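Good morning, and thank you for coming.

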Amino acid sequence: MIDNTKLLYFNTIVSEVGSLVPLEFLRQIPFVAKRIYYIYGVPGNVIRGFHSHRLLKQVLICIHGRVKIKVKTPYSEDVVELNKPNIGLYITQTSAS
(Lines give C-alpha, C1' and ligand atoms only; values in the text may rest on other atoms or scores of the structure.)
Protein backbone atom coordinates (compact mmCIF):
# COMPACT_ATOMS: atom_id res chain seq x y z
CA MET A 1 0.00 0.00 0.00
CA ILE A 2 1.05 3.56 -0.65
CA ASP A 3 2.36 5.45 2.37
CA ASN A 4 -0.62 7.81 2.65
CA THR A 5 -3.25 5.04 2.55
CA LYS A 6 -4.40 2.23 4.80
CA LEU A 7 -7.37 -0.07 5.13
CA LEU A 8 -9.75 0.46 8.04
CA TYR A 9 -11.75 -2.53 9.27
CA PHE A 10 -15.09 -1.71 10.91
CA ASN A 11 -17.02 -3.86 13.34
CA THR A 12 -20.15 -5.49 11.93
CA ILE A 13 -23.15 -6.32 14.08
CA VAL A 14 -25.11 -9.18 12.52
CA SER A 15 -28.57 -10.28 13.65
CA GLU A 16 -31.59 -12.05 12.21
CA VAL A 17 -32.93 -8.68 11.01
CA GLY A 18 -29.81 -7.62 9.09
CA SER A 19 -26.34 -6.24 9.52
CA LEU A 20 -25.19 -2.91 10.90
CA VAL A 21 -21.78 -1.21 10.65
CA PRO A 22 -21.56 1.68 13.14
CA LEU A 23 -19.02 4.40 12.31
CA GLU A 24 -17.91 7.05 14.79
CA PHE A 25 -15.73 9.98 13.86
CA LEU A 26 -12.49 10.19 15.84
CA ARG A 27 -12.90 6.50 16.75
CA GLN A 28 -13.21 4.27 13.68
CA ILE A 29 -12.73 7.22 11.31
CA PRO A 30 -9.64 9.17 12.44
CA PHE A 31 -11.04 12.67 11.73
CA VAL A 32 -14.31 14.62 11.76
CA ALA A 33 -16.01 14.77 8.37
CA LYS A 34 -17.03 18.07 6.81
CA ARG A 35 -19.24 16.35 4.26
CA ILE A 36 -20.43 12.90 3.32
CA TYR A 37 -21.44 11.89 -0.15
CA TYR A 38 -22.07 8.65 -1.97
CA ILE A 39 -22.19 7.54 -5.57
CA TYR A 40 -24.53 4.94 -7.01
CA GLY A 41 -25.96 3.75 -10.29
CA VAL A 42 -22.62 3.83 -12.08
CA PRO A 43 -22.60 1.56 -15.15
CA GLY A 44 -19.98 -1.21 -15.19
CA ASN A 45 -16.49 -0.37 -16.48
CA VAL A 46 -17.03 3.39 -16.13
CA ILE A 47 -14.02 5.34 -14.88
CA ARG A 48 -14.69 8.25 -12.55
CA GLY A 49 -12.49 10.69 -10.74
CA PHE A 50 -9.57 11.99 -12.81
CA HIS A 51 -8.59 14.39 -10.06
CA SER A 52 -6.99 14.60 -6.64
CA HIS A 53 -7.23 16.86 -3.62
CA ARG A 54 -4.53 18.54 -1.58
CA LEU A 55 -4.67 18.75 2.21
CA LEU A 56 -7.45 16.16 2.36
CA LYS A 57 -8.39 13.22 4.54
CA GLN A 58 -11.04 10.83 3.28
CA VAL A 59 -12.41 7.33 3.79
CA LEU A 60 -13.91 5.48 0.85
CA ILE A 61 -16.38 2.68 1.61
CA CYS A 62 -18.12 0.52 -0.99
CA ILE A 63 -21.43 -0.43 0.61
CA HIS A 64 -22.64 -2.50 -2.35
CA GLY A 65 -20.83 -4.16 -5.23
CA ARG A 66 -17.18 -3.43 -5.80
CA VAL A 67 -14.97 -0.56 -6.88
CA LYS A 68 -11.30 -0.28 -7.78
CA ILE A 69 -9.51 2.82 -6.53
CA LYS A 70 -6.26 3.97 -8.15
CA VAL A 71 -4.14 5.92 -5.67
CA LYS A 72 -0.99 7.70 -6.77
CA THR A 73 1.80 9.77 -5.33
CA PRO A 74 4.67 11.30 -7.28
CA TYR A 75 6.68 8.19 -6.33
CA SER A 76 4.30 5.24 -6.47
CA GLU A 77 0.91 3.97 -7.63
CA ASP A 78 -1.45 1.27 -6.37
CA VAL A 79 -4.95 -0.08 -7.08
CA VAL A 80 -7.14 -1.10 -4.14
CA GLU A 81 -10.39 -3.01 -4.62
CA LEU A 82 -13.16 -2.36 -2.11
CA ASN A 83 -15.90 -5.01 -2.05
CA LYS A 84 -17.09 -5.30 1.56
CA PRO A 85 -19.19 -2.73 3.43
CA ASN A 86 -17.12 -3.03 6.61
CA ILE A 87 -13.77 -2.07 5.04
CA GLY A 88 -12.76 1.49 4.21
CA LEU A 89 -9.78 2.94 2.37
CA TYR A 90 -8.31 5.82 4.38
CA ILE A 91 -6.47 8.30 2.18
CA THR A 92 -4.70 11.29 3.60
CA GLN A 93 -2.87 13.98 1.73
CA THR A 94 -1.37 16.46 4.12
CA SER A 95 1.27 18.03 1.91
CA ALA A 96 0.67 20.78 -0.59
CA SER A 97 3.49 19.48 -2.78
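Leaving aside neighbours within four places in sequence, Asn4 is in contact (heavy atoms within 4.5 Å) with Thr73, Tyr90, Ile91, Thr92 and Gln93. This is a predicted model, in which local features need pLDDT of at least 70, side-chain atom pairs count only at pLDDT 80 or more, and totals for chains, interfaces and linings use all residues. Residues are numbered from 1 along each chain as its sequence is written, and side-chain values use heavy atoms, with hydrogens and water left out.

Is Asn4 buried or exposed? Asn4 has a relative accessible area of 18% and is therefore buried; buried means under 20%, exposed over 50%, and partly exposed in between, with a 1.4 Å probe and protein chains only. A polar atom of the Asn4 side chain lies 3.0 Å from the backbone oxygen of Thr92.

Asn4 belongs to the segment before E1. Strands here are DSSP runs of E with at least two residues, numbered from the N terminus. E1 runs antiparallel to strand E7, residues 87–93, and 5 bridges join them; two strands pair if DSSP finds at least two bridges between them. Leu7 has Leu89 in E7 as its bridge partner.

Let us turn to the aromatic rings. The whole structure holds 2 aromatic pairs, which require ring centres within 6.5 Å for Phe, Tyr and Trp (its six-membered ring); planes under 30 degrees apart count as stacked, over 60 as edge-to-face and the rest as tilted. One of them, Phe31 with Tyr90, is stacked, at 6.0 Å centre to centre and 20 degrees between the planes. Tyr90 counts as buried at 12% relative accessibility.

Methods: Helix = DSSP H or I, 4+ residues; strand = E, 2+ residues; numbered from the N terminus. Polar contact = N/O pair within 3.5 Å; in protein donor to acceptor, adjacent residues only side chain to side chain.
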